[in-house]
Amino acid sequence: MEEKSKYSIIVPTYNERLNISLIVYLIFKHLRDVDFEIIVVDDGSPDGTQEVVKQLQQLYGEDRILLRPRAKKLGLGTAYIHGLKHASGNFVVIMDADLSHHPKYLPSFIKKQLETGASIVTGTRYVNGGGVHGWNLMRKLTSRGANVLAQTLLWPGVSDLTGSFRLYKKSVLEDVISSCVSKGYVFQMEMIVRASRKGYHIEEVPITFVDRVFGSSKLGGSEIVEYLKGLVYLLVTT
């Protein structure tokens with residue numbers, strides 16, 4: 001008999017006190033018949049995020065919500081590696097805590113993986129049914145341009161390279177993440193490019209990305225410069 005799948009949802013946080021309760025509620029709402037755990041990797045948020053997570057643990061149980069904090073802000077890539085160490089599922093979902101990734105899409109990620117046997121299912125803003133809500137035209141053009149540029153140069157066969165809402169087979173994520181060196185905004189792109197180069201089966205599902213509900217966006221001019229540097233790095237090394 002086939003082993004029943006369990007999904008470990010890794011949610012890195014930094015100052016997400018206003019969002020974390022809602023995202024947890026929505027995950028539980030949309031994954032009623034699914035075995036899952038939520039691993040919150042908080043990077044020493046000064047706003048009380050961890051206290052809210054501890055209250056959520058009282059409500060939902062410490063076996064369903066795992067708080068695995070770190071002392072300070074150490075970056076996204078290492079947050080996933082840290083979360084992976086504590087993941088007991090055979091699948092891992094990575095998603096943002098700021099509600100830009102709506103948990104209502106999780107069932108379609110799981111369904112797509114079950115139907116196709118894919119190693120990775122990634123949410124995409126750039127196919128029919130996908131989109132972006134709450135961005136101004138400049139930011140939409142920047143993001144779309146960044147993806148088109150990366151596709152043209154790298155040919156990974158994936159339409160949304162910088163998205164960070166993905167489902168991985170745990171073993172695949174462990175393999176791909178161990179060969180990544182990028183930081184910040186470029187990290188997600190390196191992950192999917194390396195996965196593609198390694199020959200892993202990648203599927204996409206359309207999502208609408210909503211600009212963060214509470215708090216301030218973390219993407220600025222310096223991230224775009226980092227992205228372009230990262231693009232050159234991947235072009236040379238993959």
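**Fold and strand S2**

Modeller: The protein has eight helices and nine strands. The model is predicted.

Colleague: What percentage of the residues of the protein count as buried?

Modeller: A residue counts as buried when its relative accessible area is under 20%. The protein has 238 residues, and the share of them that counts as buried is 50%.

Colleague: Is strand S2 largely enclosed or open, and why?

Modeller: Strand S2 covers residues 35–42. Seven of its eight residues are buried, so the rest of the structure leaves S2 largely enclosed.

Colleague: Which residue in S2 stands opposite Ile10?

Modeller: Strand S1, residues 6–13, runs parallel to S2, and eight bridges join the two. Opposite Ile10 stands a residue of S2, namely Ile39.

Colleague: Through which helix does the chain cross from S1 to S2, and what is the handedness of the crossover?

Modeller: Between S1 and S2 the chain passes through helix H1, residues 17–30. This β-α-β crossover is right-handed.

Colleague: Which residue in S3 is the bridge partner of Ile38?

Modeller: S2 and strand S3, residues 65–67, run parallel and are joined by three bridges. The bridge partner of Ile38 in S3 is Ile65.

Colleague: Through which helix does the chain cross from S2 to S3?

Modeller: This β-α-β crossover is right-handed. The chain passes from S2 to S3 through residues 49–60, which form helix H2.

Terms used
Residues numbered from 1 in each chain as written. Predicted model: local features only at pLDDT ≥ 70, side-chain atom pairs only at ≥ 80, totals over all residues. Heavy atoms only, no water. Buried < 20%, exposed > 50% of the residue type's maximum accessible area, 1.4 Å probe, protein only. Helix = DSSP H or I, 4+ residues; strand = E, 2+ residues; numbered from the N terminus. Pairing = 2+ DSSP bridges. Right-handed = clockwise from strand over helix to strand, strands pointing away.
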